[in-house]
Structures are given as structure tokens and as C-alpha cells.
Amino acid sequence: MEKRFEDALSMANAQGRGAGYWDRVMSYIAMVMYPQSPVRYKGMKFCADGFSFVMANAFVNKADPQPFRDIIFYQFLSKWFDIQKDSVTDLTHILKRVGDAKKAVNQNNMGYGLERALYVVSPDVPCLSEALDSYYITNPETLMYALENISKQPDRPELIIDRHIAAFLSVRDSKSIDSFLVELNSRDYFKRILANLRILSTIQRRAGLGEFPGLTTWLADIMGPVYDRYHDRSMREKVQKSVEKVKGGGDLGLLAKAIDDDAVWKSDLGEFKQAIEEYKRLKKEALSVQDKLKHPDRFGKEDGQEIAAVVSGVISGIIILAFAFIFMLK
Amino acid sequence: MAKEKKVKAKKAKKGKGKGKMPWTGQLVMISGILLSLAFLQSTILIVVGMLPTLAAAVVDRTGKGTLAITIGAMNLAGCSPFLIQLWMNGHELDMGVEMLSNPFTIIVMYSGAAIGYVINWSLSGVVEALMVKKYSKRLEDISKRQEELEKRWGKEVTGAVTLDPFGFPLEKATKSA
């Protein structure tokens, strides 16, 4: 008994004596004292194979998810499994999922965090985004149809992909979102809008889905900050017109092409830099001309006198030749 | 100390050089004197006839001698009929003196110089006015083009706003959701 108690303490000490230390100590003591009992932590009790349901339930009921972070991060289930003397149900798949979830819990970016941990630990749980409260979304295709319905509601959110949708897609259909996660987490708002568009158009293309006119209109309506990323005001208008043309069509790929053409971005930036140079040059020239105009006698008179010398030289030459010719004829 | 000495030596050298004419110059001067002595009749006529040019060269403040050239060219044109006449009629000293004693000759020769002065005065005035007009127009064009650039590319193009590496105002670069 004493040894078990010491084991529990050493387990807790090995993970540091920071926040939640005593909660962990209590949980480990309960485990070693009575190994057949469920895991106990901060008022919760659950068996290892029920962990995913408990976690999903906590998210559905909007309970504090912090204890789940501790359970996953400190690998409570693995420790509970290690101290079982009798053989228990095969829980390796659960332990593996919780181990995979550990990588995500300490990251705050979209696509990671506890939301990702939830979808990794519970492969059957639907997307629990608040925006999708009235829907049961189990795959990216149904998500698209749900979003199409939401797009027609007046209280639709501004951005489409939230933390839950990002984590859900990243776990269930990583190819449609993972390459856009950096943009999705960008500090620049326009990049996040573009990431939304790219992710949804990728799902539409990959799944070979039909048209989503509501979704394209929703995305087109929030493109303001993206237009502002074009330096050229006339280009902004041109792109806006192209977007207006395709927004009712429901093809997200066409919408992406209309607003997010790499060649157009590059030429816009290149021409903007040239315009800055031209403006600088003009400014310099204007200063020099203004300076000249302050003293017109300096440059106008000098040039005039030079021209007068040439003109006078030519006239004189003609006169001398004419006199010479006249005298020769005489 | 050594540097000062070197500078002084250089200055002394420069001073010496200033007074000394190169041999080509000396040759031209000697040839000129010999020629003017050989053609004394023409020399007298030219020296008297070209007095206004000499005056113009003295008062010329352009630094390039353009006033003297303008007046000199027309002055020479004014002298040319008398010079040719002198050469065509045996190049006699008496004839040269006779020409110079005739007021008409002096009037014609000096009138040439006066015309040269008028050319200089009028053309420099005209060119000055034209240049002012040209530069005023250029200033207008510059201002117009700058307005066009600002209209197309925004205030960012003026350089008055601090920009991020992508060319956007720093304070507008980010917006939180």
C-alpha cells in the first residue's frame, strides 16, 4: 500500500509541481489504490473506453474543456492502463488516439487545440461548430450542403470556417485544408478570407459536388478586404466586377480564379513599385523645375544668348558671302 | 609642415605657368602681328570698324563670350563690304584712310554691331519667355501625372505613408476577425 502511494506521488512529481498538481496527485492515488475503478479527475469519472464520449458530451454541453487538456496532455489513460493487473478490454486504439491528440492540445491555432483533440479521440463525433448546431455533419460533403443552407440565413457568421470546422476538416479530410492552415491562422484578415475560399473550393472540386450559389454569394460578400489588397484602384473595380459576375453561379473554383490570380497579384505589385519610382522621379523633377522658374533669367537668358550668337553668326556669314559674290560679279 | 611646403610649391608652379603662353599661342600671336603689319590697310579698317565688338567683349558678363560673338559677327558683316572693296581696289593705305574718314562707312560698320546687339537682346528675351512657358507647362504636366498616379495607386504611391514590404500602410496591414 505504501509503495503504491509512493508510485502515485512519483508519477505526479515526474510531471512537475505546477498548476493542477494536487488534482493529478489525487487522481493517481485513486488509480493506484483501486485500479479497477474509473479514472477520476476534477469531479469527473469515466472508464478509458468511454473517454471520447465524455469529452464529446462536455463540448456539446459547453462545459469547461480544460480538464480534458490535462487528461490528454498528462496521459492519464495510459497511466491507468499501465497499472491494470488483470487484462482489460483491448484499449490500444484508444490509447493511440489519445497519444496522437497530445500533439494538438497545447497549440492554439485553428485546426489544432482541444477541438482537434476531440475529433482525433472521437472518430464518430459530428462537427460541433456552433454554426452547425442544427446539423449533423459527419463529412466534408454534408458540411458543404449545411453551409449552403446557412448562407441564406440573415444571422450567418462573417467568416465561414471556425475552430471546430477547421479541426474537423483537418482530422477527417486533411487534403482539403492542411495546405491552407497557415493562411487560415494568419494575422492578416484578407488571408483568412482567401483561406476560407480556397478550402471550400478544394472540397467542392475534390468531392465533385454541384453548385453552391449561396456559399459563393456569402464569400463574395466578405471579399472587401481582399479587394483592398490590390494597389491598383482600377484593378480593384475590375476584380470586383468579375466576382459579381460569378458569385451567383455557385462555382467556388471560378470565384477563386476571379479574385485570386497569382499573375495578377504579381503584376499589380510590380506596377505599383514602378509607380512609386515614377512619382519619386516626378517629385524630384518638379523641385528642379520650380527652382529654375524662380530665376528664369539664369537659364532663359543664357540659352537665348547662345542661340543669338549662332543666329548672328549664320546671318553674318550669309551677308559676307553675298557681298563677296556681288563684288566678284562686278 | 611638409604638406604646407608642397602646397606652396604647387602654387608657385601654377603662378609661373599662368604668365607663360604655350608655344602654339605664341606662334599664333607672332603670326597675327606679322600679318597685321603686312596687311596694315585692312588692319586699320578692322580695328576701327570693330571697336563696338571690343567694347562688347569688355562688358560681356555671360562668361561664355556670347554677347561679344553675336555683336562681333554682325559687326564683321558690316565691315565686310568695305574690306572687300579695299582688297578689290589695290589694297591702298590712302583708300583705307579715305573710307574711314567717310561717316557713311562708320555708320554702316557700327550699324552691323547695333543689329547684333538687337539680335542678342530680342532672342534672349524671346527664348527666356519660351523657356518659362515650357517649364510652367512641364510643371503642370508633372502635377497632372502625380494626380493620376495618386488616383490609381492611392496615397501610398506618394511616399508620405510608411509601407510594409507588400506596399500597404503599416497601420492598415492587419485586421483581427
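Reader: How many residue pairs are in polar contact across the interface of chain A and chain B, and what makes a pair count?

Author: In this predicted model, the rule finds 14 residue pairs in polar contact across the interface of chain A and chain B, both residues being at pLDDT 80 or more. A polar contact is a pair of N or O atoms within 3.5 Å; within protein, one must be able to donate a hydrogen and the other to accept it, and residues adjacent in sequence count only if both atoms are side-chain atoms. Local features need pLDDT of at least 70, side-chain atom pairs count only at pLDDT 80 or more, and totals for chains, interfaces and linings use all residues. Residues are numbered from 1 along each chain as its sequence is written, chains are lettered from A and ligands numbered from 1 in the order in which they are written, and side-chain values use heavy atoms, with hydrogens and water left out.

Reader: Which helix of chain A gives the most to the side that touches chain B?

Author: Helix 18 of chain A does, with 24 residues. Helices here are DSSP runs (H or I, at least four residues), numbered from the N terminus.

Reader: What is the area buried between chain A and chain B?

Author: That area is about 4,600 Å², and carbon and sulfur atoms give 67% of it. Buried area is the accessible area (1.4 Å probe) that two parts lose on being put together, summed over both. The contact (heavy atoms within 4.5 Å) takes 53 residues from chain A and 48 residues from chain B.

Reader: What makes B:Arg152 and A:Glu271 a salt bridge?

Author: The closest N and O atoms of B:Arg152 and A:Glu271 are 3.0 Å apart. A salt bridge requires a side-chain nitrogen of Lys or Arg within 4 Å of a carboxyl oxygen of Asp or Glu, so the pair qualifies. The count between chain A and chain B is six salt bridges, and over all chains the count comes to 25.

Reader: Why are helix 4 and helix 5 of chain B called roughly antiparallel?

Author: The axes of helix 4 (residues 51-59) and helix 5 (residues 66-88) of chain B cross at roughly 175° and come within 8 Å. Axes are lines fitted to C-alpha atoms, for helices over the stretch in contact, and angles run from 0 to 180 degrees between N-to-C directions. Angles over 145 degrees count as roughly antiparallel; helix 4 and helix 5 of chain B are therefore described in that way.

Note on methods. Helices (H or I, at least four residues) and strands (E, at least two) are DSSP runs, numbered from the N terminus. Angles under 35 degrees count as roughly parallel, over 145 as roughly antiparallel, 65 to 115 as roughly perpendicular and the rest as oblique.
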